[in-house]
Amino acid sequence: MASFIIRRILLLPVTLLGLTFLIFFFTSFLSPYQLLSAYVQDPRQLQGGNVEKLIDKYGLRENFMIRYGKWLGQISHGNLGWSLSLNEPVSVVIEQRFPATLELTIYAIIPVIFVGIWLGVVASVHHNGVIDQILRVFALLGYSIPAFVLGLLILFIFYGVLGWLPPGRLDQWAQMIFFSKNFHHYTGLATIDALLNGNIPIFLDALKHLISPILTLSYLSWAGLLRITRSSMLESLGQDYIRTARAKGLSEKMIVNKHARRNALIPATTVAGLMFIGMLGGVIITETIFNYPGIGSFAAQAATQFDYAGILGVALVYGLVTIIGNLIVDISYAMIDPRVRLG
Amino acid sequence: MANENMLLQVKNLHTIFHTEDGTVEAIGGVDFEVKEGETLGIVGESGCGKSVTSLSVMRLLPKGIGEIPQGEVIYKGKNLLKLPEKEMRKIRGKEIAMIFQEPMTALNPVYTVGDQLVEMVELHLGMNKKEAYDYAIKMFEKVGIPMPEKRIYSYPHELSGGLRQRAMIAMMMSCNPSLLIADEPTTALDVTIQAQVLDLMRALLKEYNSSLIMITHDLGVIAEMAERVAVMYAGRIVEYADIIPLFKKPSHPYTVGLMRSIPRPDVEVDRLDSIKGVVPDLFHMPKGCRFNTRCPYTTDKCFEEEPPLFEVEPGHFSRCWRYAEMEELSKHWESGE
């Protein structure tokens with residue numbers, strides 16, 4: 001098991017290098033002037049006749065490999081360029097906004113994984129019973145309603161009509177406190193930092209803002225994971241080893257929770273991992289609808305305003321998260337299924 | 001009836017399956033008995049109902065699909081079919097254990113073989129984890145698994161087919177059951193391993209004085225293991241006898257056909273005999289005797305009325321109208337080709 005994890009982690013830098021290469025390859029179609037935005041830290045650098053000097057400095061007219069090497073040097077120092085759309089260095093934008101998105105996706109995925117799998121198990125145990133039928137309708141709705149429709153509906157009902165769940169990340173007053181000097185940012189996650197600072201009102205305020213985007217973001221995943229778990233549970237309950245477990249005199253609880261569920265978790269884990277990664281993509285819509293200041297809404301802005309540096313930065317972050325997400329899936333896969341550990 | 005050493009009596013067992021295309025009868029009135037320490041063989045080709053019989057005895061038919069509308073399964077004086085599920089769970093594994101054909105799929109791939117044995121003895125023998133693991137090592141040693149203290153931590157995919165089946169046997173014998181049902185336990189193994197596993201089973205049964213129901217399509221395995229044999233065809237027992245009378249004087253054309261299709265080293269033939277045709281499917285059972293579509297000795301009566309079980313000689317039964325002539329008839333066989 002340990003050697004499996006080490007092997008996987010050793011592969012990480014290789015994958016990362018491949019990722020940067022791919023991203024840089026796509027930028028190579030841009031002109032040196034367009035590319036320059038991915039290098040400058042402050043527009044003031046461009047004053048006077050500096051543009052040509054900077055192009056030479058970053059080697060933007062050199063051949064591809066030299067450009068790539070110099071760019072790697074830049075990003076390894078955390079220099080991701082200047083975001084035109086937000087008028088801030090991209091690294092600062094990401095540093096501020098990534099925790100917000102992480103907060104959203106983590107709160108979205110964790111209940112999905114635990115409750116989604118549990119509901120799937122329940123549905124399979126009550127195969128074709130009333131509970132199964134109700135969950136089937138619930139899942140069907142999840143599949144059928146696109147996030148932008150669901151998001152707008154939720155926004156309309158819970159903010160527009162009822163006024164309960166406002167968009168954004170924090171109310172004005174909470175923002176003032178949250179970004180004040182006295183407020184320590186341990187993790188960047190608003191809810192957790194609020195708790196660590198002992199500030200319950202801010203915690204509640206952050207939570208209030210999170211509910212709608214979390215619902216929007218995760219409803220499809222609920223449906224998906226529920227259905228996958230249900231069908232893999234049904235498959236696993238039909239296997240020979242379940243008959244063996246019954247022949248051994250084990251209780252139904254033991255059979256479902258021990259023998260069937262662990263096998264059903266194998267496909268469910270893969271799907272859950274993909275969902276988490278997919279959610280990070282899905283936040284583009286959700287964050288835009290709820291005006292939530294995360295990576296997703298930044299990506300949407302950057303893409304619509306030709307903010308090359310911003311797009312590059314977001315692509316890097318998404319790539320990194322995808323790689324790490326896959327690593328976690330692989331490791332949990334090996335923990336669940338002993339047959340994977342050999343490979 | 002009230003035999004002292006009677007362990008299991010199956011009386012008039014009927015099993016039906018509710019399928020999408022309608023309800024079918026998989027077993028229609030099966031009777032047999034197993035005495036203490038005795039081995040009963042159930043022979044028949046695929047789909048004849050032999051596995052369904054064993055699953056019915058264990059009440060392991062798929063829920064909502066398989067049902068037993070009629071019949072009795074008397075085990076040590078108790079009708080298992082009337083037992084509440086909770087009581088039945090105490091019987092399964094502890095009193096009646098079961099070994100399956102394919103040890104790869106019958107063992108759970110994500111738990112170690114030791115763990116799968118341990119959970120059983122924890123449940124039935126009330127041992128704690130430590131005792132149970134020590135016990136598991138002893139059981140593995142008993143079934144001849146080398147390095148048992150290491151092997152109990154192996155996963156099924158890390159063992160060979162033979163070792164897996166040994167682990168399965170160790171598991172199922174661990175609670176010292178009075179009756180073991182083995183459903184084609186050696187079919188998935190190659191011949192040398194098959195012989196070893198059969199020897200092992202015989203030795204264990206003797207040591208524990210357990211009875212065995214051996215389900216197989218292989219008359220060779222039956223000859224080696226069983227004392228009494230039930231030949232099944234299309235959900236019926238067609239012949240039921242002690243092993244020697246059965247082989248000496250098969251009294252049902254199906255048994256005759258089965259025996260003729262075994263290659264014999266002492267008889268030289270160009271071509272092995274076979275039984276023509278295939279088993280009729282459950283939805284289209286022929287009227288009269290169920291074997292009439294494949295039998296070379298049919299008369300008009302065979303197509304009209306289903307024969308009852310006739311007693312050929314004491315303790316030897318045959319479900320054939322012409323059982324008395326069978327010895328003469330069996331000299332000629334119309335092969336399938």
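Predicted model: local features only at pLDDT ≥ 70, side-chain atom pairs only at ≥ 80, totals over all residues.
Two residues are in contact here if their C-beta atoms, placed from the backbone, lie within 7 Å. Keep that cut-off in mind for chain A.

Chain A, then. Take the contacts between residues at least 6 apart in sequence. Of these, 73% join residues at least 24 apart. The secondary structure is 14 helices and two strands. Along the principal axes, the C-alpha atoms of chain A fill a box of roughly 85 × 55 × 40 Å. Chain A has 343 residues, and 36% of them are buried.

Next, domains. How is chain A divided by the domain assignment? Domain 1 covers 2–83, and domain 2 covers 91–340. Their C-alpha centres lie 32 Å apart. The two domains of chain A do touch: 20 residues of domain 1 and 17 residues of domain 2 take part in the contact.

Look at the domain 1 side. Three elements of chain A each supply at least two residues to it: α1 (2–27), α2 (32–36) and β1 (82–83). Which of the elements gives the most to that side? That is α1(A), with nine residues. By class, the domain 1 side has 11 nonpolar residues, eight polar and one charged.

Now over to chain B, and one strand in it. Strand β3 of chain B runs over residues 39–43. Why call β3(B) largely enclosed by the rest of the structure? Because five of its five residues are buried. Buried, for us, takes 20 or more other C-beta atoms within 10 Å of the residue's own.

Think about faces for a moment. In a regular strand, side chains alternate between the two faces of the sheet. For β3(B), both faces are covered. On one side sit B:T39, B:G41 and B:V43, all buried. On the other sit B:L40 and B:I42, buried as well.

What about the strands that pair with β3(B)? One is β8 of chain B, residues 211–216. The pairing is parallel, over five bridges. Within it, B:G41 stands opposite B:M214. Another is β9 of chain B, residues 228–233. That pairing is parallel too, over four bridges. Which residue of β9(B) is the bridge partner of B:L40? It is B:R228.

To wrap up. In chain B, β3(B) is covered on both faces, and it pairs with β8(B) and with β9(B).

How values were computed: Residues numbered from 1 in each chain as written. Chains lettered and ligands numbered in written order. Buried ≥ 20, exposed ≤ 12 C-beta atoms within 10 Å, placed from the backbone. Pairing = 2+ DSSP bridges. Domains from an automatic or database assignment. Nonpolar A, V, L, I, M, F, W, Y, C, P; charged D, E, K, R; others polar.
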